[in-house]
Each structure stands twice: as structure tokens, then as C-alpha cells.
Amino acid sequence: MIKIVTVENRKLEKEFVLFPFDLYKDCDYWVPPIIKEELEAMDRSKNPVFKNAEAEFYLAYNDGKVVGRIAAIVNWVEIEEQKKNKLRFGWYDTIDDVEVSKKLIEKVIEFGKKRKLNFIDGPVGFSNMDKAGLLIKGYDELNTMITWYHFPYQKKHLIQLGFKKLAEWVEYKIKIFSEEDAPEKVKKFAKIIQKRYELEVVNFKSTKQIIPYVDKMFELLNLTYSNLQTYVTIKQYQIDFYKEKFIKYIHPDFIKCLLDKEGNLIAFLITMPSFSRALKKINGKIGLLGYYHLFKAQNFNDRVSLYLIGVDPKYQNKGATAVLFNELQQTFNNRGIIEVETNPELVENKAIQAFWKNYESTLHKRRATFTKKIK
């Protein structure tokens with residue numbers, strides 16, 4: 001018999017975080033998160049998102065063993081800004097038993113009904129800065145540190161339970177050429193655009209140099225994506241939280257900013273060394289050996305992940321991305337980078353996907369959110 005338990009203490013929080021380590025233990029493609037970071041994300045005293053969000057976490061048991069987990073989330077800023085009574089669900093992992101998924105979803109919907117919410121959407125996190133989307137293609141590919149991995153049956157469970165696909169994201173692998181073989185079209189176009197608009201590329205040599213630009217990057221991020229109906233404004237206290245969470249993974253060489261002739265930030269691009277293989281070795285625990293693997297991945301790596309890109313709407317479709325990527329091309333060549341993996345891009349983002357066609361690229365993963373009305 002399946003029993004659903006609300007996570008209400010530290011012991012259950014650990015069971016919630018550790019369940020995927022059991023579910024995916026024999027999967028070569030699942031990348032473990034850092035256990036400490038997962039626990040902090042659930043901690044109402046540490047994660048500032050709880051200033052504008054509510055959440056409950058649930059575990060499913062069968063014969064005393066954990067067989068599934070899920071989170072019910074409501075982001076009140078999203079509801080106020082978008083005027084949509086939306087219930088979020090995330091951290092959705094189960095064994096291959098649709099009855100487990102059914103019981104977990106029912107518990108989430110019960111949470112939503114109490115708050116008079118009209119529809120359910122997920123899997124997503126608390127905000128746009130968290131992981132989002134159920135993997136629907138690319139089950140034989142490593143996930144990145146900011147994406148979830150899922151088994152194929154989890155999609156089947158949601159469809160069986162009456163969910164329909166809502167948003168969809170794509171992820172690409174991009175081959176990095178030598179400087180000589182890099183696309184001439186991009187190189188020439190980047191030079192023309194930089195000269196035409198008198199743009200200045202900012203390169204960084206230390207993390208300390210990046211810090212003054214971080215808040216400006218988030219301001220630009222809010223500006224870049226504010227027209228998307230799913231985008232929720234990132235508040236300053238969330239910016240401070242994400243800054244602290246991710247700054248240790250950043251390598252200054254892989255961040256580029258673009259300034260206009262007045263010195264205003266008009267575009268930025270953040271890539272990070274790929275930590276997927278290092279995180280597999282660490283298996284969720286940060287110790288001396290863990291720091292060694294992270295350091296090695298950060299400084300001696302031939303693969304990177306494209307994490308975030310922001311472009312002022314006034315400069316969108318004017319070649320700013322080409323200028324930034326052309327600058328990164330030189331950095332990648334100097335550091336022996338041979339491959340870039342993009343993190344999820346909405347399928348409707350045709351401009352950036354058209355840009356990848358200048359390179360040898362492969363669409364290797366898809367993920368989606370699923371939705372249904374709450375009755």
C-alpha cells in the first residue's frame with residue numbers, strides 16, 4: 001500500500017534529497033546534485049525564495065521503502081505579476097509505478113486546492129533560476145548541473161494522469177573549431193557589429209572583477225526575458241542567494257560582457273566548465289576529494305556549458321551574441337575547449353538556434369513541462 005508523507009523534519013528532508021541517489025544509482029547518465037545544496041534549497045531559513053513562495057515536500061512509501069518524491073510550490077510573485085493561479089510541482093522522481101505518481105500528484109493538487117489555484121504545471125523549481133522541465137529526449141546523455149534527469153516512464157505517467165505538454169526546451173552540443181576553422185561569417189559579422197555600435201568587450205581575470213557586474217547582469221536578465229509569459233522577475237534577495245550558490249563554480253575566463261559606448265552593460269554570456277563528470281565522481285558529497293574534482297573540472301577541462309545569456313532588447317537581433325561568442329571562441333581555443341553544451345533554450349527562441357547553425361551542432365536533448373486544470 002502506497003503512503004504519502006509530508007516532509008516535516010530533518011530526517012525526512014534527507015530521505016527526500018537522497019531518494020534519487022537510490023533511484024538512479026545504476027544510471028550512467030544521471031548527475032548527482034550536491035546534497036548540502038539540495039538541503040539548503042528546502043530550508044526556509046536559508047533559501048530567500050520562501051519570502052515570496054510556499055512549498056511542501058512529499059515522500060511516497062511502499063512497505064516502508066521510499067518509492068517517490070515531489071514538491072508542491074506556489075510562487076506568489078508569479079501569481080501577482082501574471083494574474084495566473086498557477087500551482088507548481090517539482091523534484092518529481094518515482095519508481096515505474098503510475099500509482100505512485102498518481103498519489104503524489106493528488107497530494108500536490110490538494111495543496112493547490114487549499115490555496116484556490118486553478119492549474120498545475122511542472123516539473124519546475126521555485127523560480128526561473130531553478131531547474132525546469134522533464135527530460136523527454138536524450139536519456140543516454142549526461143545531464144548538466146542545472147538540469148534534472150528522468151527516466152522515460154515518468155513522461156508516460158504524466159500523460160496517463162491527464163497532463164498535456166506545455167513548454168518545451170532544446171539543448172545542443174556545439175563543436176568548437178580551431179581559430180583558423182571558425183566560421184568566417186561569425187568573425188566578420190562580429191567585427192562589423194562591434195565597430196558599427198562602438199561596443200566594448202569586457203574580459204575578466206579574476207572572480208573579484210566579476211562581482212560588480214553581477215547585479216547588472218540580473219537586471220539585464222529581467223529585461224531580456226520580461227516579455228515571456230512564464231518569466232517571473234528575480235528579486236534582489238534571490239540574486240544574492242544565487243550569487244553565493246554559483247560563484248564558486250565560475251571561471252572568469254568563461255564570462256564575457258558587452259558595453260555600449262556610454263559604458264552601459266548591453267549583453268553578457270556566462271559559460272562554465274562542465275562539472276557533470278566531476279559531480280558523478282563526488283556523488284553528492286563535498287569533502288577534500290570533492291573539492292579536488294571540482295577544481296580539476298574548473299581548470300582542466302575540454303568541455304563547457306553555456307549557462308546564461310542576456311541581451312538588452314534594444315540590441316536583440318543586432319549581432320550582440322555573435323560578438324560575445326566570437327570573443328569566447330578565442331578563449332576556448334586558448335584553453336583547449338572542444339565542445340559547448342547549451343543549457344535549455346525554449347523552442348521558440350529561434351534566433352539563438354539559428355545562430356548555432358553557423359557551427360557543427362547537434363540537438364541532443366529535449367525537455368518539457370506538463371500541465372492540467374485543477375478540478
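Before placing any residue, I noted that helices here are DSSP runs of at least four residues, numbered from the N terminus. I also kept in mind that this is a predicted model.

**Entry on Thr331.** I looked up Thr331 and found it in helix H11, which covers residues 320-335. Is Thr331 buried or exposed? Its relative accessible area is 11%, and because buried means under 20%, I wrote Thr331 down as buried. Leaving aside residues up to four places away in sequence, Thr331 touches Asp253, Phe254 and Lys256.

Helix H2 (35-42) and helix H8 (236-246) are the elements that give two or more residues to its lining, and H2 gives the most, with four residues. By class, I found five nonpolar and seven charged residues in the lining, and no polar ones; among the lining residues are Ile34, Phe241, Lys248 and Tyr291.

**Entry on aromatic rings.** My search of the whole structure gave 23 aromatic pairs. The rings of Tyr24 and Trp30 are stacked, because their planes are at 25 degrees, with the centres 5.5 Å apart, and both residues are buried. Phe89 and Tyr92 form an edge-to-face pair, with 6.0 Å centre to centre and 85 degrees between the planes; Phe89 and Tyr92 are also buried.

I then noted a cluster in which ring pairs link Phe16, Phe50, Phe57, Trp91, Phe126 and Trp148. Over the ring of Phe16 sits the charged end of Arg69, 4.9 Å from the ring centre.

Key: Residues numbered from 1 in each chain as written. Predicted model: local features only at pLDDT ≥ 70, side-chain atom pairs only at ≥ 80, totals over all residues. Heavy atoms only, no water. Buried < 20%, exposed > 50% of the residue type's maximum accessible area, 1.4 Å probe, protein only. Contact = heavy atoms within 4.5 Å. 1 Å grid on protein atoms, 1.4 Å probe; cavity = no way out; pocket = protein on both sides within 12 Å on 5 of 7 lines; lining within 4 Å. Nonpolar A, V, L, I, M, F, W, Y, C, P; charged D, E, K, R; others polar. Phe/Tyr/Trp six-rings, centres within 6.5 Å; stacked < 30°, edge-to-face > 60°. Lys NZ or Arg CZ within 6 Å of the ring centre and 35° of its normal.
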